[in-house]
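User: I would like to learn how to read the features of a protein model step by step. Could you take me through them, with the general idea first and then the case at hand?

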Amino acid sequence: MTQSGVSALTPSGFGALWDDGTQADPRTVRELALRSGVAVVKDQRFTKEEFREFVSGLGDKVSYDDNDGVGYGFTDILHLDGTREEGKVITGRGGLPLHTDGVLLGTQVDLIVLYAAEVRELRADGATLVCDQIKAWHELPDDLRAVLDRGHLEYLATERGYFTSVPEGWYRIPTFRDYGRVKSLNLALPFQADEALASWDVRVPDVPAEESERFFTGLRAHLSADRYLYEHRWTAGDLVVIDNQRTLHGRRGLADSASRKLLRGQVTLAEVAGAPGAITGGAVHEVSPV
């Protein structure tokens, strides 16, 4: 791969597209993603084992076992296959609101690695959305900033088949995180009312429900503004590597006839000294760091 094939993904210069027709090199793609926030490499070809090897080449691969609190048999490579299986949200066909990986589980994820193994009849549906959260946070209106500066939001994990060991009730999670590389927002927006299934819910603590809803409506509108958002419309062979510390990401739901089968890996770039943890009942909810 040569740097001559690189161009920005948005007019603001956020993200990088690498489209020179060569096979991706993990070290080069990692540097590009860390420098630009999200790196897109076209026309890649991986088997599942080759993809697993590529993910390992980016850093310390995040892996789970049966005791780590993640369901659906996920260990290190998750199949985001748009399943129609009842009750599945994260691996299902609906949309996902903007969020950071690891927020509900309390685990450090530095890079998210997505590969399109198969794509059929996709248009704008099924797109992955990536928000330049650092720029959006710096330009956050004062009323929204004041809520986040209180330090915590409360979450409820509703997709119990995936979040198998987090608290069953509402629990508090810090609104910011800093693993030594960059301080950033640590949050997941709520699912909207018109979405049939939700994987989680989130609220502002100690305020009326209407006030919490107004806050998230304003925050969603700000983070989704064109100046902060990149929308990736998938074609087969696309490789997308996202800096999870500098971005938020989500997805649009799939139309009935559409199919999108992605492989997802996660990478930690430095040893985890301690996950931020989730506070429940005044105590820290311990989640095994990965």
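Predicted model: local features only at pLDDT ≥ 70, side-chain atom pairs only at ≥ 80, totals over all residues.

User: Which other strand is joined to strand 15, and by how many bridges?

Analyst: Strand 7 (residues 111–120) is joined to strand 15 by five bridges, and these two strands also run antiparallel. Here Leu111 has Asp243 of strand 15 as its bridge partner.

User: How should I read the side chains of a strand, and which way do those of strand 15 point?

Analyst: In a regular strand the side chains alternate between the two faces of the sheet. In strand 15, Leu239, Val241 and Asp243 point one way, whereas Val240 and Ile242 point the other way, and all of them are buried. Strand 15 (residues 239–243) is accordingly described as mostly covered, with five of its five residues buried.

User: How far is Val240 from Val29 in sequence and in space?

Analyst: The two residues are 211 positions apart in sequence, yet their C-alpha atoms are 9.4 Å apart in space. Val29 belongs to helix 1 (residues 26–36), and it counts as buried because its relative accessibility is 0%, where the cut-off for buried is under 20%.

User: Now for helices: what is the general idea, and which residues of helix 5 are buried?

Analyst: An α-helix has 3.6 residues a turn, so residues three or four places apart point the same way. Helix 5 (residues 209–223) has 15 residues and reaches 21 Å from its first C-alpha to its last, close to the 21 Å expected. Its buried residues are Ser212, Phe215, Phe216, Leu219, Arg220, His222 and Leu223. These cover an arc of only 160 degrees around the axis, which puts them on the same side of helix 5. The face turned away from that buried side carries the exposed residues Glu213, Arg214 and Ala221.

User: Which residues touch the most other members of the largest nonpolar core?

Analyst: In soluble globular proteins, nonpolar side chains tend to be buried together. In this model the largest nonpolar core has 61 residues, of which Tyr155 and Phe163 touch the most other members. Helix 5 provides the largest share of this core, four residues. There is also a second, separate core of 21 residues, which includes Ala16, Leu32, Ala39 and Leu58.

User: How do I read aromatic pairs, and how many does the structure hold?

Analyst: A pair of aromatic rings is described by the distance of the centres and the angle of the planes. The structure holds eight aromatic pairs. One of them is formed by Phe46 and Phe54, a tilted pair with 5.3 Å centre to centre and 50 degrees between the planes. Phe46 is buried, with a relative accessible area of 14%, and Phe54 counts as buried at 4% relative accessibility. The rings of Phe51 and Tyr115 have centres 6.1 Å apart and planes at 25 degrees, so this pair is stacked, since planes under 30 degrees apart count as stacked. It links distant parts of the chain, with Phe51 in helix 2 (residues 48–58) and Tyr115 in strand 7, 64 residues apart. Ring pairs link Phe46, Phe51, Phe54 and Tyr115 into a cluster.

User: Where does the charged end of Lys183 sit?

Analyst: The charged end of Lys183 sits over the ring of Phe176, 5.0 Å from its centre. Arg203, in turn, lies over the face of Trp170, at 4.0 Å from the ring centre.

Technical notes
Residues numbered from 1 in each chain as written. Heavy atoms only, no water. Buried < 20%, exposed > 50% of the residue type's maximum accessible area, 1.4 Å probe, protein only. Expected span 1.5 Å × (residues − 1). Arc of directions from axis to C-beta. Core = buried A, V, L, I, M, F, W, Y, C linked by side-chain atoms within 4.5 Å. Pairing = 2+ DSSP bridges. Phe/Tyr/Trp six-rings, centres within 6.5 Å; stacked < 30°, edge-to-face > 60°. Lys NZ or Arg CZ within 6 Å of the ring centre and 35° of its normal.
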